[in-house]
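Please read the following briefing alongside the structure, which is shown next.

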Amino acid sequence: MKTVNDLFILEGMKEGIVLAGHRGLTRNVQFVNISDTPDVINFLAENHLLLTTGYAFKDDTDKFCELIKQMHELNCSGLVIKINRFFNELPREVKLLADNLAFPIIDLPTKHTLGEVSRHVLNYLNDHEAEQLYYALHVQKEFSDMMIKGYSLTALIE
């Protein structure tokens, strides 16, 4: 499975800056979600990476902190935010909490759209899954061919 740190090779993410939670860059990423709604936690699950502008929390640092806590409890991957859209900087309380929880918060430059970054990340994740599927199909085909050719049980096991 890919980690948050692996995503920094992707277009858009290359220029991302880790604002907090550096120790959490090893968290796994399985899916990407884009949202600016205050109830986004209801649509997240384990290993989800959230892309956001932070609009829902621009005037409420406590709600922002609560989201970070809830995402951490769900074992979400992290948060990618366009910090310059609605914040001048990441609120100190949020940074301290994210650092304490090892929950990565990454600043996405405003020149990249959330949709563009989401597409790159999902393609990257899906390519990895497709690679695993092709490998599984290859192994299954080889195994079937060996069975048809009458290989012994010992040879099949080896």
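A residue counts as buried when its relative accessible area is under 20%, as exposed when that area is over 50%, and as partly exposed in between. Glu15, at 34% relative accessibility, is therefore partly exposed. The model is a predicted one, and the count of salt bridges in it comes to five.

**Salt bridges**
- Lys111 pairs with Glu15 in a salt bridge whose closest N and O atoms are 3.3 Å apart; because Lys111 lies in the loop between strand 7 and helix 4 and Glu15 in the loop between strand 1 and strand 2, this pair ties together parts that are 96 residues apart in sequence.
- Lys111 is itself exposed, with a relative accessible area of 61%.
- Within helix 3, Lys95 and Asp99 are four residues apart, about one turn of the helix, and they form a salt bridge with a closest N to O distance of 2.9 Å.
- In helix 4, Lys141 and Asp145 are likewise separated by about one helical turn, and their side chains meet in a salt bridge at 3.0 Å, N to O.

**Positive phi angles**
- Most residues other than glycine have a negative phi.
- Asn75, in the loop between helix 1 and strand 6, has a positive phi of about 65 degrees and is partly exposed at 34%.
- Ala102, in the loop between helix 3 and strand 7, has a positive phi near 55 degrees, but this residue is buried, with a relative accessible area of 12%.

**A buried strand residue**
- Asn33 lies in strand 4 and counts as buried at 14% relative accessibility.
- Leaving aside neighbours within four places in sequence, Asn33 is in contact with Phe43, Leu44, Leu49, Leu50 and Leu51.

Conventions:
Residues numbered from 1 in each chain as written. Predicted model: local features only at pLDDT ≥ 70, side-chain atom pairs only at ≥ 80, totals over all residues. Heavy atoms only, no water. Helix = DSSP H or I, 4+ residues; strand = E, 2+ residues; numbered from the N terminus. Buried < 20%, exposed > 50% of the residue type's maximum accessible area, 1.4 Å probe, protein only. Contact = heavy atoms within 4.5 Å. Salt bridge = Lys/Arg side-chain N within 4 Å of Asp/Glu carboxyl O.
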